[in-house]
Amino acid sequence: MAAMDRLAMRRRGRAVAPYLLMAPALVLVAVFLYGVVNGVLQGFGIMPFLGLTDFTLDYWGEVLTRPDLAASVGFSLYIALVSSLVALAGGIVLSAALCAVRRTRLLALIDVQIPLMCAHILVVLAMVSLFSGSGLMPRVLFHLGLIGSPTDFPSIVGDPSGWGIIATYIWKEVPFVAFCTVTLMGHVSDSFGEAAGTLGASPLRSFLTVTLPLCRGALVKAFLVVFAFAFGAYEVTFLLGPTAPKALPVLAYLEFQNPDIMNRCVAMALNGVMAVVTTAAAAAYFAVLRREERDR
């Protein structure tokens, strides 16, 4: 009888164990969903803790008629598109290089893992140390006589071109694109690429006509992830971006920091505009994913 009870308890434990293991993830998902829903409701003027329970589009109207909104969205799209396209091209080159050479553990650590592990704030500090007016690169160029003074070097902080922001994202996202594609690219090169080579195709032609098209889905997905992140992240643009135009995430952050708590509704409406763009990128990502599953 005791053995049967122990057996029954073990069975119940095994049945409950998956739910217990899922509990932490479910808590995190619940907190995330609560924040998203709460932010969306605040964008429509609903803040029960202030007694505001009436649905209104006034804050969205205020946001959509702001004179600086178009410039802010345009600047964010510019940063996201340029950094994503360059990261995509750099990731393809890095993946191809990693597939062409024997990848040691040290090489894998240097080319992909260290950049991915570094926080963006650390990359910003490194960029400022290297490229600011008193940084290493302007001083080296000055001593070589290539510039008249260190201040002649284009400023990495506040430059309207946003080249410092783009450089930071490229340093981080090129390894990410390579990380997402190198395994698939290596497999394609080892199988279909070698088959094309035996039929007389040069390595470059084999890469362009066989390997790259077969990796298109992974590359598009990596591009969409980088684009959504670069469009929605605020810390790099906050630290390195120009005074005007401000990136959309920075604009929302500054509105949220306004001492007037009612301004939080404006900030959440700005976040809603940002969410529309990133949701479109997420929808495109899942469309590519479904197409890949359908074609298998």
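1. F238 lies in helix α10 and is partly exposed, with a relative accessible area of 38%; here buried stands for under 20% relative accessible area, exposed for over 50% and partly exposed for what lies in between, with a 1.4 Å probe and protein chains only. The model is a predicted one, in which local features need pLDDT of at least 70 and side-chain atom pairs count only at pLDDT 80 or more, whereas totals for chains, interfaces and linings use all residues. Residues are numbered from 1 along each chain as its sequence is written, and side-chain values use heavy atoms, with hydrogens and water left out.

2. F238 belongs to a nonpolar surface patch of about 610 Å², made together with I121, L122, L125, Y234, L239 and L254. Patches consist of residues with over 30% relative accessible area and no salt bridge, where like charges are joined within 9 Å and nonpolar side chains (Val, Leu, Ile, Met, Phe, Trp, Tyr) within 5 Å; the accessible areas come from the Shrake-Rupley method with a 1.4 Å probe, and for residues only the protein chains shown count as cover. The helices α5 (120-131) and α10 (235-240) each supply at least two residues of this patch, and the largest share, 3 residues, comes from α5.

3. As to the fold, the secondary structure of the protein chain comes to 12 helices and 0 strands, where helices (H or I, at least four residues) and strands (E, at least two) are DSSP runs numbered from the N terminus. Of the 296 residues in the protein chain, buried residues make up 35%.

4. The whole structure holds 2 salt bridges, a salt bridge being a side-chain nitrogen of Lys or Arg within 4 Å of a carboxyl oxygen of Asp or Glu. In one of them the side chains of R66 and D68 meet at 3.0 Å, N to O; R66 counts as buried at 17% relative accessibility, while D68 is partly exposed, with a relative accessible area of 30%.

5. R66 also forms a salt bridge with E255, with the closest N and O atoms 2.8 Å apart. This pair links distant parts of the chain, since R66 sits in the loop between α2 (58-64) and α3 (69-100) and E255 in helix α11 (residues 248-256), 189 residues apart. E255 is buried, with a relative accessible area of 16%, and R66, D68 and E255 are thus linked in a network of salt bridges.

6. A positive surface patch is formed by R216, R290, R291 and R294; Lys and Arg count as positive and Asp and Glu as negative, with His and the chain ends not counted, and the place of a charge is taken as NZ of Lys, CZ of Arg, CG of Asp or CD of Glu. Helix α12 (residues 263-295) gives the most to this patch, with 3 residues. R294 is located in helix α12 and counts as exposed at 59% relative accessibility.

7. On the cysteines, the count of disulfides comes to 0, a disulfide being a pair of cysteine sulfur atoms within 2.5 Å. C180 is partly exposed, with a relative accessible area of 34%, whereas C265 is buried, with a relative accessible area of 0%.
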